[in-house]
Structures are given as C-alpha cells and as structure tokens.
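You asked for some notes to read beside the structure. Please keep the 3D view open while going through them.

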Amino acid sequence: MTVENPRPTITLVPLDERPACTTLPAAIARIAGVHVELPPAPLLPAGRAPGAPGAISRWLSDRARSSFASVVALETLGYGGLIASRTQDATVAEITARFDTLRHLARPDHPVHAVTLVTRTPDSADAGEEPPYWDPHGPALHRWSAELHRHTGTAQPPADIPGDVRRDFLMRRLRNHTLNLAALELVADHTLTSLVIGADDTAPFALATAELGWLGNWTDWMDARGHVAVRPGADEACSTLVARVLVDHFARPRPTVVVEAVEADGLRKIAPYENVTVAETARGQIDACGAQPARTAQQADIHLLVHTPDGAGDWATSPPARRDPAASARADKLALRAAELLDAGHHVAIADCAQPNGADPLLIASLIRHQVLERLAGYAGWNTAGNTLGTTLAQAVAVLTAQQAGTFDQVAHHSLLLHRLLEDWAYMTRIRSELRARLGSDPTRHDHVEDGHPLLAPVEAELRHCREQLPAFSGLGLAPGSLRLPWQRTFEVDFRLTDRPSAHHVEESR
C-alpha cells in the first residue's frame with residue numbers, strides 16, 4: 001500500500017540520475033518543506049545507457065495530478081537523458097511528439113517549468129559522454145566549432161576530420177538547435193511557465209555560443225525575458241527551476257539580488273568553460289531562480305558575493321600549485337565582507353568561482369576564521385561558474401522564500417550547506433587528486449572505479465576527518481558506509497549526512 005506524502009510536492013524529470021540533478025534540487029525544496037518526487041530509478045538513464053522516455057512521459061502524466069508544479073528536463077523527456085541527447089539517433093518529429101505530453105499537463109493550477117540545453121563541444125578526446133568519434137576527433141571538432149563561429153560561411157572543413165564525422169557532428173547540432181526553438185514555442189503558446197536554456201563547457205568562440213546568441217535574440221524578439229533564462233550552465237538547472245517554483249508557489253514578491261566581488265574587475269572576467277562574463281552568468285541565474293536584480297545594494301534581499309576567477313588552474317585536471325599572498329588577501333577580504341553583511345542582518349550567499357571544479361581552500365580557511373560558514377544563505381564551489389552561481393542562488397532564494405512563508409527547515413538548510421562544503425572543498429579540492437594518484441588515473445579523462453573498491457573506505461575516513469575541521473553544523477555528520485561514486489568515476493562523490501544525536505537522516509541519496 002502506497003502512503004501519500006503529506007507535504008506539497010513537485011514532480012521532477014531530471015537531466016539524468018546523478019545527485020547534482022536529483023538529490024540537489026530535492027534538497028533545495030526541502031529547505032521550504034516541499035517534497036520532490038522523481039521517476040522510479042529503472043526509468044532514468046544509467047550512465048551512458050538512456051532512460052525510457054515513453055515510460056517517463058506516462059509517469060509524469062500520472063504523478064503530476066498530485067503535485068502543484070512540474071520541472072522537466074526536455075532532454076530526458078525527449079531522449080531519455082542528457083548523454084542520450086548527444087549520442088542517440090532520433091528525428092525532430094519523434095522528439096517534439098514527446099514534448100506534447102507537456103501540453104496536456106499544463107494548467108493554471110499546475111505550472112510546468114523546463115530546461116533545455118545547447119549541445120556542448122568539449123576540448124577533449126574523451127568519448128565517455130559523447131559520440132564514439134570524439135576519440136580521437138574531439139579536440140579537432142572543438143577547434144572547428146570555434147572557427148565556424150569566428151568565420152561564419154568561410155571556415156574551411158579541416159582535413160583531419162573525416163567527412164562522415166563532420167556531417168554527423170553538424171546534423172546533431174542542427175537537430176538540437178531546432179528542438180531548442182521548439183522549446184521556445186512551448187513558452188509562446190503558454191505550455192511552459194518558464195524555460196531555462198543552458199550550455200555547459202563552452203567558450204567565447206564556439207557553435208554553442210553562437211546558438212545561445214540566436215536563442216537569446218528570439219527570446220528578446222518574443223518579449224519572453226522573465227519567462228526564459230538564457231545562460232551558461234546545465235547540471236544546476238533543475239535546482240534553479242525548483243527555486244523558481246517555490247517563489248511562485250508561496251506567492252511572495254520576487255527576491256532581489258545584488259552581485260558583488262571584492263576585485264574591481266572581477267565580475268567582468270570570463271570564467272573557464274564559459275562564454276560570457278561572470279556578471280552576465282549571474283544575471284541569467286538570477287532570472288532562472290525567479291529573482292530579480294536589486295536596484296541598489298541597500299534594497300537587496302540577498303547579497304551574492306562572488307569569489308571571482310583567478311586563473312590559478314582547475315581542481316579536476318590541473319590542481320593549482322602554491323598560491324601567492326595576493327590570493328590569500330582576496331579570500332580574506334571577501335570573508336570579511338560576508339561577516340560585515342551578516343552582522344548587519346543581511347542574507348549572504350557565496351559563489352566560489354575562483355577555480356573550476358572545486359572550492360578555494362584559501363577562502364574556506366578565511367570563512368572558518370571569521371565564523372561565517374553556518375550563517376550563510378547559500379554556498380557552492382563546484383564545476384563551472386554557472387553551476388556554482390545557480391546552485392548558490394537557488395539555495396539562498398529557497399531560504400528567503402521559506403522564511404517569509406513560515407516553512408523554513410533550518411536542519412535541511414544546514415545539511416545542504418555542509419554537503420556542498422564536504423563535496424566541493426573536502427573531496428574535490430583536497431581528496432580527489434590524491435585518490436586519482438593512488439588509482440593511477442589520467443586527470444584529463446574520466447576514469448572507472450568499481451563499487452566497493454578498497455580505496456573508497458580511506459576516502460570516507462578522510463572525508464570524515466575534513467568534517468571535523470569544520471567548526472559548525474552541530475550534530476550533522478557523515479553517515480557511515482554511505483559514500484559512493486556516481487557513474488563509477490572519481491570526478492564527483494555522493495554521501496548521506498545524518499543528525500548524529502537522533503540518527504535521523506536529513507539528506508536522502510538515490
């Protein structure tokens with residue numbers, strides 16, 4: 001017998017089955033006392049294996065009847081997952097027919113929000129998440145993509161890429177762009193209340209950047225700003241849309257956000273793997289979360305402090321070497337600014353974008369020293385700047401909205417803060433490179449680690465040691481035996497947190 005969840009519920013069709021796309025948006029909702037319901041695991045993708053779009057569509061149609069809103073990744077509804085959208089063969093007609101489910105779902109008392117992505121062109125020969133020909137042609141396709149953007153109509157096909165590879169590459173991009181335009185039609189006909197159009201792993205010159213520009217133009221021509229957010233980022237999109245749903249559901253004024261950096265030119269920098277300035281990325285994430293820029297800092301509901309890119313390296317592929325004193329001074333200045341704002345009673349969130357794929361240990365040390373961590377409304381420091389900015393804002397918007405509505409769950413909020421710190425700082429920055437060295441992994445390619453590998457037990461012990469170095473979040477600790485590697489690779493980690501005095505799990509994991 002199935003017992004209905006008494007809490008208000010959002011149905012979520014995620015980009016894929018990774019925790020960033022499933023448990024993270026659920027954790028955002030839990031801050032406001034809202035439950036997120038996901039499709040059964042067998043329907044979702046499993047790594048490179050696609051999910052079941054037909055069964056997902058039927059599940060969504062059924063479960064949406066008992067929820068107050070739906071958040072849907074169009075790649076999963078159409079193809080069965082994010083990787084499937086890059087690798088599977090299907091026609092535009094087949095995919096758009098699956099989108100029709102949303103037209104039957106949307107109604108005034110059940111808004112539907114969606115995310116769609118512009119296909120990436122990573123500068124890597126790793127074909128783990130791409131068509132097979134990415135090994136060895138990925139880097140050449142990345143260069144050609146940039147040339148096509150720079151010299152539209154005149155870029156010559158590179159001789160080192162076979163003709164059938166070039167044709168397939170362009171065909172997939174054309175199909176993806178057509179489907180993104182079809183997603184805009186779902187906004188125009190009021191099927192979708194809001195749409196996020198994102199892109200991960202792009203660059204100032206790339207076909208993805210050109211396509212984002214075209215989609216942004218159509219958004220402006222349709223006067224759809226406020227309903228459509230076009231910005232870098234992907235894996236955080238479901239979390240930002242959950243935040244948007246919370247704002248709409250609790251019928252509160254849209255939160256206002258001011259974005260700050262301690263460096264005079266920090267917000268004008270372009271972060272690695274992105275195509276626009278940090279300020280532009282932040283503006284897109286503010287839109288995606290259903291918030292709006294504050295007219296003045298004094299009027300802002302949320303102060304978003306950005307630890308801006310410093311060009312020191314990448315925690316996944318080339319961990320930064322010893323940092324100069326200026327980097328430590330910048331980190332300390334930001335922590336002092338956060339403490340100042342918190343002492344004045346403001347909501348403060350920190351997006352740690354200094355280096356991609358991990359948190360800056362200099363900043364974490366300063367935040368600990370100034371006793372800031374537990375007081376934050378949001379924190380993240382993972383993957384790209386878009387991922388980090390969107391996650392941080394989604395948590396802060398959920399906190400503010402829940403507090404205003406009287407549904408704020410502080411344990412859920414602290415659990416998410418601690419989870420991000422342990423994943424982004426402890427694992428990505430401190431533990432991952434050592435684990436890869438022990439495994440003999442190539443940091444420029446995704447590796448493969450079987451479940452139960454003997455090296456995972458020491459990783460959990462090291463993570464628990466890092467937890468003890470964080471002098472905050474009383475009672476929250478790592479659940480023994482809960483650590484795992486999603487997609488059986490060292491790139492990301494997952495674990496549960498428990499409230500140690502009561503052994504009550506405050507965070508769930510798929």
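The points below cover helix packing, nonpolar cores and a few backbone details.

1. A word on the source. This is a predicted model. Please read each point below with that in mind.

2. Start with helix 9 and helix 13. Helix 9 spans residues 237-249, and helix 13 spans residues 385-405. Their axes lie 8 Å apart, at an angle of about 20°. Angles under 35 degrees count as roughly parallel, so helix 9 and helix 13 are roughly parallel to each other. Their crossing is left-handed.

3. Next, the residues between these two helices. Helix 9 brings Ser239, Thr240, Ala243, Leu246 and Val247 to the contact. Helix 13 answers with Gly390, Ala394, Val397, Ala398 and Thr401. Six residues of this contact of helix 9 with helix 13 are nonpolar and four are polar. None is charged.

4. Helix 13 also packs with helix 10. Helix 10 covers residues 278-288. The axes of helix 10 and helix 13 come within 9 Å and cross at roughly 40°. Helix 10 and helix 13 are therefore oblique to each other. This crossing, of helix 10 past helix 13, is right-handed.

5. Which residues make the contact of helix 10 with helix 13? From helix 10 come Val278, Thr281, Ala282, Gln285 and Ile286. From helix 13 come Gly386, Leu389, Gly390 and Leu393. By class, the contact of helix 10 with helix 13 has five nonpolar and four polar residues, with no charged ones.

6. Now the largest nonpolar core. It holds 108 residues. Ile350, Leu389, Leu422, Tyr427 and Leu463 touch the most other members. Helix 14, residues 410-439, gives the most to this core, with 12 residues.

7. Setting aside its neighbours within four places in sequence, leucine 389 is in contact with Val278, Thr281, Ala282 and Gln285, among others. Its contacts also include Leu304, Val306, Ala351 and Cys353.

8. Two asparagines have a positive phi. Asparagine 357 has a phi of about 65°, although it is not a glycine. Asparagine 357 sits in the loop between strand 10 (347-352) and helix 12 (361-369). For asparagine 383, phi is near 50°. Asparagine 383 is in the loop between strand 11 (378-380) and helix 13.

9. Are these asparagines buried or exposed? Buried means under 20% relative accessible area. Asparagine 357 has 8%, so it is buried. Asparagine 383 has 10% relative accessibility, so it counts as buried.

10. The bond from aspartate 135 to proline 136 is cis, with omega near 25°. Proline 136 is placed in helix 6, residues 134-150.

11. Finally, proline 42. Where is proline 42 placed? Proline 42 is in the loop between strand 2 (35-37) and helix 2 (53-63). Exposed means over 50% relative accessible area. Proline 42 has 71%, so it is exposed. Proline 42 and aspartate 409 are 367 residues apart in sequence. In space they are 31 Å apart, C-alpha to C-alpha.

Key: Residues numbered from 1 in each chain as written. Predicted model: local features only at pLDDT ≥ 70, side-chain atom pairs only at ≥ 80, totals over all residues. Heavy atoms only, no water. Axes fitted to C-alpha atoms, helices over the stretch in contact; angles between N-to-C directions. Helix = DSSP H or I, 4+ residues; strand = E, 2+ residues; numbered from the N terminus. Parallel < 35°, antiparallel > 145°, perpendicular 65-115°, else oblique. Left-handed = near helix turned anticlockwise from the far one by under 90°. Contact = heavy atoms within 4.5 Å. Nonpolar A, V, L, I, M, F, W, Y, C, P; charged D, E, K, R; others polar. Core = buried A, V, L, I, M, F, W, Y, C linked by side-chain atoms within 4.5 Å. Buried < 20%, exposed > 50% of the residue type's maximum accessible area, 1.4 Å probe, protein only.
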